[in-house]
Amino acid sequence: MEKHFHHELELLKQKLLDMANKVQQMLSDSVDALVNLALSKTDIVNSVEHDINRQEIDIDQHALKLIALHQPAGQDLRLLIIILKINNDLERIADETVNMCERVVRLIENPQLEGGNILPQMEGIVKEMLSKAIDALVKSDISQAQSIFQQEEQVDALHRQLVRDVIDQIKRRPEITELALDIISISHRLERIGDMAVNIIEDVMYFVTGEEERHPFDRT
Amino acid sequence: MSEIIVKNLNLYYGNFQALTNVSCLFEEKKITAIIGPSGCGKSTLLKTFNRMNDLIESVRFDGRILIDGNNIFDDGYDLVDLRKKVGMVFQRPNPFPLSIISNITFGLKIRRLKRYDDVVEECLKAVSLWDDLKDELTGPALQLSLEQQQRLCIARLLAVKPEIILMDEPCSALDPIATARIEELMLELKKKYTIIIVTHNMQQASRISDFCGLMWLGKLVEFDATEKIFTNPKEKLTQDYITGRAG
């Protein structure tokens, strides 16, 4: 019976990793759409979102079934708990990429404002953070955690800088306010995706160590 | 104080060592569960606390078990007093083939205590049997349901005012509903008594105990707060046992 349970647990983890791969690709496509103003990529992101929503429900139900039927303990219980949490974060990241794509469509139609070189920088870092967090989940290896935390701080700083720059532009050219808000919104969404990559690595740390690693004072 | 302190306990049945260097603290008014595979020494450890193993001819032991600060292995330790202080509930309910009231008063009569009417009511209330049985106290105990019989056995030991209750798989003969009721009773009883339970049912251990110890081949592999044992045990063997990978 336990062999069956552990097989099911591995299957569930694979489902989550499959979803994680798709979400990483969505982020990559939305970044591509933004940097290269590639409208076709926004269509791809939108079409994948429905799959992600279905996968989120499937993973939730599968995890709940395993908890209810097998009463797991120890690292099995921790894995199921973080699968549920990471599942939720991945779905939210997918939503953020869709939302970014909606803004990109407006920017393509009205390319009068640039986010300078800050948005591409943020995008690169956030993609790397998510990739490292997912890699940590795959390998149960948390050696990259500190690097992710440091990157989160970089992204936060870039976001603040972008907001300041864009506000300056609005002051000079009030007619671009609407588009400027789109740029700030994209930046904010990238910053949120960075936060969710941090959530994921913290969950993986909990799985690996069994200790609560969230919100330590020395990291604030 | 009704805590139990076990220090470097070794126990042998002839040449077979059933317990090896067991040391731990069973806290007062807490439920401590002992888990582990069959034959690992759980019941042997439990039975040392009221020295029931003394009844086995080839048994010998060393180490110390302190209850109220006194070593129960000391020469001259009063075994009758020990077994009054440390009551035991077994796998299958074992009421005497007597009336309900006689089961409760049996220990009191042996001790020649004359006034026990209040005790009967008090003990049956403590195990939630009073309302059901108050009008048939002279009826035969063996005609009660298994759950009621187990409750009666607990009431019987409460009558002699123990401090510590040992339970050896107390729900293994009961259905899930009766098991849940006995577990509720245990949670009530721990307000007044120190409880140590041996169980094969890990879910039961995780539901009701405050502390939990894993026995393996006569050794106490790990002993910690139950929450810790079932979410993040220190030892790999504990991890493997609670997740069904070992045992």
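Strands β9(B) and β10 (residues 219-225) of chain B run antiparallel, joined by six bridges. A strand is a DSSP run of E, at least two residues, numbered from the N terminus. Two strands pair if DSSP finds at least two bridges between them. In β10(B), B:D224 is the bridge partner of B:C212. Two residues lie between the strands of this hairpin, where B:L217 takes a positive phi near 50 degrees.

This is a predicted model: local features need pLDDT of at least 70, side-chain atom pairs count only at pLDDT 80 or more, and totals for chains, interfaces and linings use all residues. Residues are numbered from 1 along each chain as its sequence is written, while chains are lettered from A and ligands numbered from 1 in the order in which they are written.

Strand β9 (residues 211-216) of chain B is largely enclosed by the rest of the structure, because five of its six residues are buried. Buried means that 20 or more other C-beta atoms, placed from the backbone, lie within 10 Å of the residue's own.

β9(B) also pairs with β3(B). There, B:T32 stands opposite B:F211.

| Pair | Bridges | Direction |
|---|---|---|
| β3(B) and β9(B) | four bridges | parallel |
| β9(B) and β10(B) | six bridges | antiparallel |
| β6(B) and β7(B) | four bridges | parallel |

In chain B, six strands form an open sheet with mixed pairing, in the order β6-β7-β8-β3-β9-β10. Its edge strands, β6 (86-89) and β10, each pair on one side only. In β7(B), B:M167 is the bridge partner of B:V89.

Conventions
Buried ≥ 20, exposed ≤ 12 C-beta atoms within 10 Å, placed from the backbone.
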